[in-house]
Amino acid sequence: MNSLRQWLFLLSLFVAAVVIQCNGALARENDEFEDVWRLVEDDKPDEAIRLLDEMLDANPVDNDRHEWIVSTKIDVLWQFDRINEIEPLVRSELRRVDQSLTQRMLLYSHLVDVLGNQEQYDEAFEEISNVLDNAKTPPMWVSAFRERKVRLLRECGRPEEALLEIDEMLSALGETSNRGLSLKLQRIDALKDLNRLDEALAQVNELINESDSLLQSTLLLKRAEVYEALGNADAAAQDRETAQDLMPDYDLDEFWPDESMSTISEYFHRGWFFRNVTTERIGLLWLAIWAWGMFVANRQRREGNGTLIRQALIVALLSASACMPLLIVWIGAKSYIINSYANTISFAVLSCGYLVWHMRQVLLPTVRWLSGSNALPEAAPEVASRVHEICAAMGIPKLTTRLLPSMNLEADAYAGGLIAPSVVVGDGILHRLKPNERDAILAHEVAHIANGSLWWYALLPVASTLVAVVVAMFSSEYFSVLWGLTFVYGVRKLMTRYFEFDSDYRAATAVGFEETISALAKIHAVSSMENTGIWSQLVYATSTHPSRDERLSSLAAQSPQPLHEELQTWDESTVRRTRFIWQLSTVLWLALLGLHFLPLSPAIRTFYSWALIAPFWLPMLYRHRATKTEYKEAGTKRSSQFWSFTMLGIGIFVFAQYFDDPRMFSVPSLFLVAAAVVIRFFGEKFHRNVGAEISQLMTQRQFKEAVELAEKHERKIARDFNSRYNVAVAKFLLGKDVEAIDELEELRDRFPANDLAWQILISIYFELNYISQARIILEEESKHADSLTWICNMFFVCTREHKLDAAEPYLKLIREQIPDSATRYVAESSLALEKKEQDEAWRFVKLADELAPGEVGITSFKARLAFELGPQEDVPHLLAEAEALSNANPFSLCQRRLARLRAKWELKQYGNDNPTDDSQGIEPSDDDYI
């Protein structure tokens, strides 16, 4: 769930980046060209234009900067009334083939204005017609050019046509359009031109009565013009005086209603936005984030036995880091070094939001339940005591140690918490590893706190985000988002690999090199990832953790004493090859970052943008290919959802690359994206997720409470397969076999696309020793005959029925699909057991145990193997080991078969030489089943 949230957050970043890019197209900031504008202010147009021409010569590539320089040059020519120079420049730019649609519309608007200024009205109308006939012209630009046409019609003495055009546009826009006011003002002017003054006065009075206070001054000025045309000078003077009272800061002699949009644009261009981003306001933002952070961090301090002073100081530091993007942009704005004022501030705000989210992740407890507020249980006293000893050896204060239960003895361990560092150890670490191996893993996690890696992990996103913000000051912020994410990814990979090697070494020094090597080998063995093959090497070359062989080889090289030969299970040639792939990926990453600063053409930049997302989707591809086949089948549905989200993100990215009309996006779009992120990540706190609570209760082994909660919310989970599946398993573990089987049968019928129902049914029938019922289920699910799960289950059914000839073809398929896996070796051992081949059976089961240490099913099978073929003296301790693992992981569904095996063992110990044997296929009767 956490990884899904992270990828959803990255997807939201992509969406927000697209919105920022599109909003940025609305403003063309000129402050990059401060020297140009200084020359303009000094009334030196020739020098300003010469400087702009030099900038064009130095930037020959078709990119956004070229368009900005041309736009600035046009603005300068307009300012100094050098109209005759604008038309050839605009026509030259229009001949460029790689211009965006928005830029072409801007150039056409300049061309129309030039032709109108030179009274070449026919040519101007022709250019407007060309634009309006273009099917790609966005609706917003259609309205703008039609308004230009209206003004030109009035200028050239054709007010009747102007009035018809205005009326047609007003009827098309409707009364609610925000462009209606501008058209109505032009309609009043057209009525004045036609000397229909009474109609003009009636319309302006109607607008005054309907408008709000912000527009009163504009409309009063317009009415004053109508009064002057009517010869009512007193009324005109009164309206002007009232307008002046409403707008005391403006010189109304220079104010014109049509200039309202350009006035806003001027504020936007000249840094009005930045004049409102002051150090005082950044300080208030820091204070607000600090107060919120103190509230969020309380739980970590309380659960980790931390201090309030440390909490306040660390939260203050993290709050300051979250405000740094705004501070840097403010400094850049004051220093006139920012390439894009409005866009950079948007990117800085987005960066602050991301850092606040990251700060929340740092301040929360290391690991918590899916829902609810209760803390993880504390680890057993002997485990906590051992952690305290390791802390003393590494010279750090004592840490709180908590236990993380799982549904399959997950071999996980974590260290975290800047305010109150703690260690979380998974139940798989305690039950799959020997005590000294367990201590090695605990020491590895304690070492992460001792070497300060938690601080680096917390501050790395901050530093990387700041780098991205600085890059955004001088380039497109859209690419800066992608560049920043790529930068964070690579730096994190380099840093975490170093800290993983260092933590391995510190753990080996504290506990022992052989113990650490053995523990790491087992941890990697039970991982879902393959440890051999090219795909595995690609995964570890692009991930945060080194590969199994690299870690073991590194420890062996640093060991002060030679290791036992049986521990040296890695291949040095594989280690060298994996390291080379990692070094190559690092060089490619650096080259990818460097390309951003080269002058790339738009076509190449499009391909470059695809390359920037490669560090994110390529590792996902590698991981999918390197996942063990058994895990792939078990997580088919989750994998499909994951790839659906991935493809959605890529689709949005493509949409952003080729969508021609940025003005379709607006500030409300950014608000909607931000709202979606808030709802996604924080809304769960205000919504009770019954399914998550049931999962939590299952993880905590509170099966009765899970069933009661499900019955209380039966209608709420009626369509939730996972919740009902968990409840069915809970009922079986509570001994309600018939209810559990009926529930699973109903799930099979209602959710035929989900394979978990029939798979767990087969496991239950094996547990109950109903082999014939398991065969019936498999025959009914024969549509899955090509899946590995179906093949393995059919093989075990055939062996339990002593149909060895029928089992052989299925074993052959298992060998082909998963040649080097624990499942394959258990199948080989099962066949050898049926053939009474003791040596072969034990050889294969030992291979399986190496690949899946501490697996309940394998340990249970070893106990049965010792009971069936010997050595008999191993049965008691194997049974005890299997029962301990089964109690720790009841979801393995081995309790009843172990109980039957213990009963047989005890009967045999009391002199019964021929107990009832599972392997003979003897099943309870149907009456017993009912």
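Q: Which residues of H11 are buried in this predicted model?
A: Leu197, Ala200, Leu201, Gln203, Val204, Leu207 and Ile208 of H11 are buried, where buried means under 20% relative accessible area.

Q: Why are the buried residues of H11 said to line one face of the helix?
A: Viewed down the axis of H11, the buried residues fall within an arc of 165°, so they line one face. An α-helix has 3.6 residues a turn, so residues three or four places apart point the same way.

Q: What does the face of H11 turned away from its buried side carry?
A: That face carries the exposed residues Asp198, Asn209 and Glu210; exposed means over 50% relative accessible area.

Q: How do you know that the span of H11 agrees with its number of residues?
A: H11 has 14 residues (197–210), and at 1.5 Å a residue they should span 20 Å. The end C-alpha atoms of H11 are 20 Å apart, which agrees.

Q: What makes Leu77 count as buried?
A: Leu77, in helix H4 (residues 64–79), has 0% relative accessibility and therefore counts as buried, the cut-off being under 20%. Leaving aside residues up to four places away in sequence, Leu77 touches Ile49, Arg82, Glu85, Ile86 and Leu89.

Q: Why are H39 and H40 called roughly antiparallel?
A: The axes of H39 (residues 804–817) and H40 (residues 822–834) cross at roughly 160°. Angles over 145 degrees count as roughly antiparallel, so H39 and H40 are roughly antiparallel to each other. Their axes come within 10 Å, and the crossing is left-handed.

How values were computed
Residues numbered from 1 in each chain as written. Predicted model: local features only at pLDDT ≥ 70, side-chain atom pairs only at ≥ 80, totals over all residues. Heavy atoms only, no water. Helix = DSSP H or I, 4+ residues; strand = E, 2+ residues; numbered from the N terminus. Expected span 1.5 Å × (residues − 1). Buried < 20%, exposed > 50% of the residue type's maximum accessible area, 1.4 Å probe, protein only. Arc of directions from axis to C-beta. Contact = heavy atoms within 4.5 Å. Axes fitted to C-alpha atoms, helices over the stretch in contact; angles between N-to-C directions. Parallel < 35°, antiparallel > 145°, perpendicular 65-115°, else oblique. Left-handed = near helix turned anticlockwise from the far one by under 90°.
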